[in-house]
Amino acid sequence: MMFFLASSIWFVLLLQMFLYILSKGFSINLHLDVINACKRFFHMIGVPYLEYIVDVLIFYTFGALCWKIASQAFATWRMQWKLKKYRHEQLTSELCQRYYLKSTDLVVISYPLPFAMTMGILSPKIILSTGIIAFLTKAELDAVMYHEISHKHNYDPLNMFLLSLYVVT
């Protein structure tokens with residue numbers, strides 16, 4: 001519940017920042033602009049320099065947000081390219097059948113070190129290495145797979161990405 005409340009407040013603040021940037025860039029007069037109301041209040045109480053501080057904070061926040069989204073998109077693209085290169089088709093199809101997953105939900109890569117993760121913001125995928133498959137027993141692999149499936153179904157990569165955006169902004 002608190003996550004939803006914090007997300008809602010964060011979204012409203014970002015929307016206000018976006019509307020403010022639109023009003024500054026395109027000279028649009030928006031009547032529901034809270035930031036301009038705050039700036040008028042600062043001017044009215046005799047501290048007009050706070051208006052400039054608010055401008056700097058808003059443009060910095062919006063720039064940092066755009067940078068974080070762009071860098072995440074680039075990292076995702078680069079990782080998907082690498083995953084295609086090392087994909088192990090036979091093990092991927094076997095594990096998809098065993099755990100009732102679509103072929104787009106799981107990727108097994110040929111890599112000797114054991115690791116398992118779930119990645120992808122809008123369409124999460126489970127990534128396993130051949131190293132972890134060789135290292136674990138069937139029961140341990142089941143536990144790892146069900147753990148990663150729960151991350152996938154809960155959209156945990158999206159939640160982590162949103163939390164990182166909260167930190168940036």
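Helices (H or I, at least four residues) and strands (E, at least two) are DSSP runs, numbered from the N terminus. Leu5 sits in helix α1, which spans residues 2–26. The model is predicted: local features need pLDDT of at least 70, side-chain atom pairs count only at pLDDT 80 or more, and totals for chains, interfaces and linings use all residues. Residues are numbered from 1 along each chain as its sequence is written, and side-chain values use heavy atoms, leaving out hydrogens and water.

The largest nonpolar core has 15 residues, of which Trp10, Ile35 and Ile58 touch the most other members. Such a core joins buried Ala, Val, Leu, Ile, Met, Phe, Trp, Tyr and Cys residues through side-chain atoms within 4.5 Å. At least two core residues come from each of α1, α2 (34–44), α3 (49–86) and α7 (156–168); α1 gives the most, with five.

Buried means under 20% relative accessible area, exposed over 50%, and partly exposed in between (1.4 Å probe, protein chains only). The table lists partly exposed residues.

| Residue | Relative accessible area |
|---|---|
| Cys38 | 36% |
| Cys66 | 40% |
| Phe41 | 43% |
| Leu5 | 45% |

The structure holds zero disulfides (cysteine sulfur pairs within 2.5 Å).

Six aromatic pairs are found in the whole structure. The ring centres of Phe41 and Phe42 are 6.4 Å apart with planes at 50°, so this pair is tilted. Rings of Phe, Tyr and Trp (its six-membered ring) pair if their centres lie within 6.5 Å; planes under 30 degrees apart count as stacked, over 60 as edge-to-face and the rest as tilted.
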